[in-house]
Amino acid sequence: MVLNDADRSLVAEIQGGLPLSSHPYAEVGERIGMEEREVIERITRLQDEGIIKRLGIVVRHHELGYTANAMVVWDVPDEQLDEVGEKLGSESCITLCYQRPRHLPEWPYNLFSMIHGKDRQRVLNYIDAIIESCGLEGIPHKVLFSGRRFKQRGARYQ
Amino acid sequence: MMDSVDRAIINRLQGGFPVSDHPYRKAADHLDISEAELIQRLEQMLEKRQLSRFGPLYNAERLGGGLSLCAMSISEEDFERVAEQVNAFSEVAHNYARDHRLNMWFVLATETPARIESVLAEIEDVTGYQVYNMPKKEEFFVGLRFEV
């Protein structure tokens with residue numbers, strides 16, 4: 001899908017949040033010179049096309065008690081990557097699972113998963129359970145807990 | 001503190017929000033509360049910064065932007081200085097210290113994919129440290145929802 005100027009102005013207008021009022025789409029439309037119906041149609045299409053992944057609440061997970069945030073990285077043989085990625089991605093406590101490039105020799109890990117939990121011990125227990133249920137005993141991994149968070153904001157669009 | 005209604009709102013509205021002429025009323029109906037109460041509770045949770053925002057979560061790549069995860073290995077005595085220098089870039093979306101030799105991990109979000117490389121080069125220039133670029137190659141799962 002190619003975004004036109006009207007889509008772009010809509011994307012920029014709502015990026016910081018929807019108005020908290022009875023007719024938020026009408027209010028958005030008023031600001032950018034669009035009918036409510038058109039705003040609704042365009043947002044629906046942006047969702048269908050996957051440009052809007054999700055509409056609604058975006059939480060600050062740290063403030064909700066998810067303070068143990070672990071990046072668990074795996075050094076998976078290339079030929080097993082898809083299989084292991086799918087398995088890990090289907091585990092309920094994994095919040096993200098991506099393939100990323102290795103940087104040898106420093107960084108041999110090519111599969112990245114995130115687990116957000118309320119304390120470190122619980123996260124470590126999840127990881128043990130995942131290794132067992134996915135049969136990952138032979139795959140080297142490393143757990144990188146987050147320490148300080150310096151900055152958190154969404155990406156901004158013009 | 002959060003009560004059961006706040007929790008129900010968070011659990012339900014991370015999964016989507018109606019796109020129709022009266023969306024808050026429709027969402028409130030499902031939660032058995034009034035539209036006014038839903039709006040008021042969302043305002044309060046935003047004010048208390050329990051919610052980051054109420055709106056869209058975009059797919060940066062499909063919007064034509066660049067996105068990457070980057071890591072650096074910073075010595076302890078330089079850590080504060082480098083953190084400040086890195087965070088000063090508006091393209092740095094978030095930045096976490098992590099317990100590894102690669103001890104600083106940040107996400108870079110740029111207006112175009114080509115900008116990623118040039119911002120990385122600028123960060124290396126300013127800080128004097130190497131940046132490891134780890135862009136996503138394949139996505140197996142994105143959930144990122146939090147039950148409360």
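Student: Which residues does A:Tyr25 touch, leaving aside those up to four places away in sequence?

Tutor: In this predicted model, A:Tyr25 touches residues of both chains. From chain A the list comprises A:Leu18, A:Glu36, A:Val39, A:Ile40, A:Ile43 and A:Leu55. From chain B it comprises B:Phe17, B:Pro18, B:Val19, B:Ser20 and B:Pro23.

Student: Which members of the largest nonpolar core touch the most other members?

Tutor: A nonpolar core is a set of buried residues joined through side-chain atoms within 4.5 Å. The largest core here has 38 residues, and those touching the most other members are A:Tyr25, A:Ile43, A:Ile57, B:Ile9, B:Phe17, B:Leu38 and B:Leu42. At least two residues of this core come from each of α1, α2, α3 and β1 (52–59) of chain A, and likewise from each of α1 (4–13), α2 (23–31), α3 (35–47) and β1 of chain B. A second, separate core has 22 residues, including A:Leu88, A:Ile94, A:Val123 and A:Ile139.

Student: Which residue caps the N-terminal end of α1(A)?

Tutor: The cap is A:Asn4, from which a side-chain oxygen lies 3.1 Å from the backbone nitrogen of A:Ala6.

Student: How are the domains of the two chains assigned?

Tutor: For chain A, the assignment gives domain 1 (5–48) and domain 2 (68–145). The C-alpha centres of these domains of chain A lie 38 Å apart. For chain B, the assignment gives domain 1 (4–47) and domain 2 (66–134), with C-alpha centres 37 Å apart.

Student: How is the geometry of an aromatic pair read, and how many such pairs does the whole structure hold?

Tutor: One reads the angle between the planes: under 30 degrees counts as stacked, over 60 as edge-to-face and the rest as tilted. The search finds seven aromatic pairs over all chains. In one of them, the ring centres of A:Trp107 and A:Phe112 are 6.0 Å apart with planes at 45°, so this pair is tilted. The rings of A:Phe112 and B:Trp105 have centres 6.3 Å apart and planes at 65°, which makes that pair edge-to-face. A:Phe112 belongs to strand β4 (residues 111–117) of chain A and B:Trp105 to strand β4 (residues 104–110) of chain B, so the pair joins two chains.

Student: Are A:Trp107, A:Phe112 and B:Trp105 buried or exposed?

Tutor: A:Trp107 is buried, at a relative accessible area of 0%. A:Phe112 is buried at 4%, and B:Trp105 is buried at 2%. Together with A:Tyr109, these residues form one aromatic cluster.

Student: Where is B:Thr127 placed, and what does B:Thr127 touch?

Tutor: B:Thr127 is in helix α5 (residues 113–127) of chain B and is buried, with a relative accessible area of 5%. Not counting residues up to four places away in sequence, B:Thr127 touches B:Met72, B:Arg81, B:Val82, B:Gln85 and B:Val86. A polar atom of the B:Thr127 side chain lies 3.2 Å from the backbone nitrogen of B:Tyr129.

Technical notes:
Residues numbered from 1 in each chain as written. Chains lettered and ligands numbered in written order. Predicted model: local features only at pLDDT ≥ 70, side-chain atom pairs only at ≥ 80, totals over all residues. Heavy atoms only, no water. Polar contact = N/O pair within 3.5 Å; in protein donor to acceptor, adjacent residues only side chain to side chain. Helix = DSSP H or I, 4+ residues; strand = E, 2+ residues; numbered from the N terminus. Domains from an automatic or database assignment. Buried < 20%, exposed > 50% of the residue type's maximum accessible area, 1.4 Å probe, protein only. Contact = heavy atoms within 4.5 Å. Phe/Tyr/Trp six-rings, centres within 6.5 Å; stacked < 30°, edge-to-face > 60°.
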